[in-house]
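This report describes one structure for a reader who has not seen it before. It starts with the ligand and then turns to the sheets and the annotated sites.

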Amino acid sequence: MGVFRAMIARTFSAATSRSLRVCVVGSGPAGFYTAEKMLKAHEEAEVDIIDRLPTPFGLVRSGVAPDHPETKIVINQFSRVAHNERCSFFGNVSLGSSVSLSELRQIYHVVVLAYGAESDRVLGIPGEDLSGVHSAREFVWWYNGHPDLSQLAPDLKNTDTAIVLGQGNVALDVARILLRPPAELATTDIASHALAALKESSIRKVYLVGRRGPVQAACTAKELREILAIKDLYVNIKQDDLQITSADEEEMKNSRIRRRVYDLLSKASSSSQTHPSSGQPELHFTFFRKPDKFLESSDKSGHVAGVKFEKTTLKASAGSGNQIAAGTGQYEDLKCGLVLKSIGYKSIPVDGLPFDHSKGVVPNIRGRVVSSSDVGQPVDGLYVCGWLKRGPTGIIATNLYDAEETVTSISEDIKKKDLTSEFASGREGLLQLLENRKIKVVTFNDWEKIDSEEKRLGSLMGKPREKLTNWKDLLAK
Ligand code: NAP
């Protein structure tokens with residue numbers, strides 16, 4: 001309790017009575033870029049970032065693959081933002097359960113929702129709930145030590161084959177983690193439980209399955225090159241799948257990325273061995289296959305034993321310029337003991353928030369949340385940024401432009417109406433409310449203790465950090 005009092009006292013002395021009280025929900029890239037831009041654009045702004053986890057940085061900590069340390073360097077920039085005297089981080093504060101959206105809107109002049117996409121798209125086909133079928137997000141959270149999924153324990157020992165559904169960069173990440181020699185992961189910040197499981201894994205064959213063709217594969221060239229470069233990997237791409245039509249040519253003419261991905265796949269196909277040698281890790285790119293149902297093992301134990309696919313062909317989609325997958329009525333089964341569905345993340349709405357369930361985003365105009373009852377009307381003081389705003393696409397830097405747009409909208413609205421003339425209790429109001437509800441807030445200072453402990457544990461193991469992977473340990477710091 002002393003900590004609360006001290007924080008509140010400090011807040012009172014630092015904040016002027018005319019502070020613009022801003023709350024950013026979510027401490028991933030969209031949240032931190034928004035906070036940074038708000039602090040820069042508005043000297044009178046006091047920005048509080050809340051996150052349901054005790055740790056900051058969202059997808060940079062829980063989503064970026066452990067063997068991509070260069071992508072995580074942005075954490076230094078976000079930490080500088082958190083150290084700004086007008087900025088605070090409050091972890092273990094969950095929108096919806098610790099504090100409601102309507103309460104936040106009363107406490108702050110401006111609320112920016114940037115809490116991302118913490119769920120998954122579903123296929124809606126039979127067998128999706130069999131054991132051994134996981135979303136790629138669950139698998140990623142597991143190997144990245146996210147406290148909600150450190151207990152996932154995917155079974156990597158009772159099968160030699162995994163099927164990854166989807167061919168985006170997340171699909172490539174999970175396939176790479178399954179196929180890379182574990183010794184190469186041992187010096188990354190991968191969670192220890194995941195490294196131990198991967199060391200014992202019997203999976204050596206991964207099918208990366210796309211419902212469309214090699215021209216439409218959703219991954220990017222850099223990530224594709226990286227997986228193709230895995231040591232001693234046998235790569236299989238059927239020559240027939242590489243046949244292209246004039247519509248494919250047109251798509252490649254309009255996208256350099258598509259062209260480069262197709263060229264890399266063609267090159268990999270022509271330079272690969274004809275057959276894998278015994279025990280060699282295998283990566284099979286399988287195109288024109290749409291998942292139809294998950295097959296259960298013959299012992300009826302509820303475990304997945306394969307996927308039934310419908311073969312597809314491409315057809316033009318009116319207006320979009322893209323081609324879509326159409327079923328042919330022909331089917332093929334692929335056996336496996338593990339399935340990772342990597343077909344996209346999905347945002348979750350909270351009470352009182354307008355939400356477009358079909359697109360999985362908050363309806364907005366340039367970041368201004370628009371009302372669902374009073375169609376098209378902006379909701380006063382409520383904004384959105386990141387995956388919750390535009391859907392689960394784009395790289396970390398995409399959020400920089402996204403935050404710029406949302407902050408520009410906020411600034412335009414502030415010019416029209418001086419929000420600071422209205423009372424908002426801001427930081428002290430939030431902390432008082434959380435204190436009344438006995439919620440243990442994790443400050444940035446507390447996070448730095450977790451950070452030091454993780455780095456200390458990591459140094460004992462030759463890793464950059466050994467993550468604390470359960471709530472109890474994280475909240476004990
Ligand atoms: P994504 O790029 O949108 O890929 C989704 C994949 O799922 C596509 O292959 C898509 O096929 C397929 N799919 C969707 N619905 C399907 C269905 N009903 N049946 C079968 N297949 C279906 O999404 P992501 O891989 O989750 O990545 C999310 C974002 O994060 C992307 O922008 C990605 O580039 C980014 N990211 C970047 C990195 C990096 O830079 N290293 C790493 C990870 C993620 P269709 O194309 O046919 O729809």
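The shell around the ligand takes at least three residues from domain 1 (2-118 + 347-476) and at least three from domain 2 (120-345); the domain bounds come from an automatic or database domain assignment. This is a predicted model, in which local features need pLDDT of at least 70 and side-chain atom pairs count only at pLDDT 80 or more, while totals for chains, interfaces and linings use all residues. Residues are numbered from 1 along each chain as its sequence is written.

In total, 24 residues surround the ligand, and the closest are Gly166, Gly168, Asn169, Val170 and Ile343. A residue is near a molecule or strand if its C-beta atom, placed from the backbone, lies within 6 Å of it. By type, the shell has ten nonpolar, ten polar and four charged residues. Here Ala, Val, Leu, Ile, Met, Phe, Trp, Tyr, Cys and Pro count as nonpolar, Asp, Glu, Lys and Arg as charged, and the others, Gly among them, as polar. Helix α7 (residues 169-179) gives the largest share of the shell, four residues. Helices (H or I, at least four residues) and strands (E, at least two) are DSSP runs, numbered from the N terminus.

Helix α7 also contains Ile177. A residue is buried if 20 or more other C-beta atoms lie within 10 Å of its own, exposed if 12 or fewer, and partly exposed in between, with C-beta atoms placed from the backbone. The C-alpha atoms of Ile177 and Gln280 are separated by 16 Å, and the two residues are 103 apart along the chain.

Two strands pair if DSSP finds at least two bridges between them.

Within this sheet, strand β8 (residues 205-209) is largely enclosed by the rest of the structure, because five of its five residues are buried. Lys205, Tyr207 and Val209 point one way from β8, while Val206 and Leu208 point the other way. In a regular strand the side chains alternate between the two faces of the sheet. Strand β8 pairs in the parallel sense with β7 (residues 161-165) over five bridges. Five bridges also join β8 to β10 (residues 282-286), again running parallel.

The other sheet has three strands in the order β11-β12-β13, with antiparallel pairing. Its edge strands, β11 (289-296) and β13 (323-335), each pair on one side only. Neighbouring strands here are turned by 20 degrees against each other on average, direction ignored. Seven bridges join β11 to β12 (residues 304-316), and these two run antiparallel.

| Residue | Opposite residue | Strand of the opposite residue |
|---|---|---|
| Val164 | Leu208 | β8 |
| Leu165 | Val209 | β8 |
| Val209 | Thr286 | β10 |
| Lys293 | Lys308 | β12 |

The remaining items come from UniProt. Positions are given in the numbering used here, feature names are shortened, and annotations may be inferred rather than shown by experiment. An unreviewed entry places "domain: FAD/NAD(P)-binding" at residues 21-183. That span, residues 21-183, is 34% helix and 18% strand, and its end C-alpha atoms lie 48 Å apart.

One "binding site" annotation in the unreviewed entry covers Ala30, Leu59, Leu95, Trp387, Gly394, Ile395 and Ile396. These residues span 367 residues in sequence, and the farthest two C-alpha atoms are 24.8 Å apart, so they do not all gather at one spot.

Another "binding site" annotation in the unreviewed entry covers Gln167, Gly168, Asn169, Val170, Arg211, Arg212, Glu223 and Gly394. Gln167 lies in the loop between β7 and α7. With 28 C-beta neighbours inside 10 Å, Gln167 is counted as buried.

Technical notes
Axes are lines fitted to C-alpha atoms, for helices over the stretch in contact, and angles run from 0 to 180 degrees between N-to-C directions.
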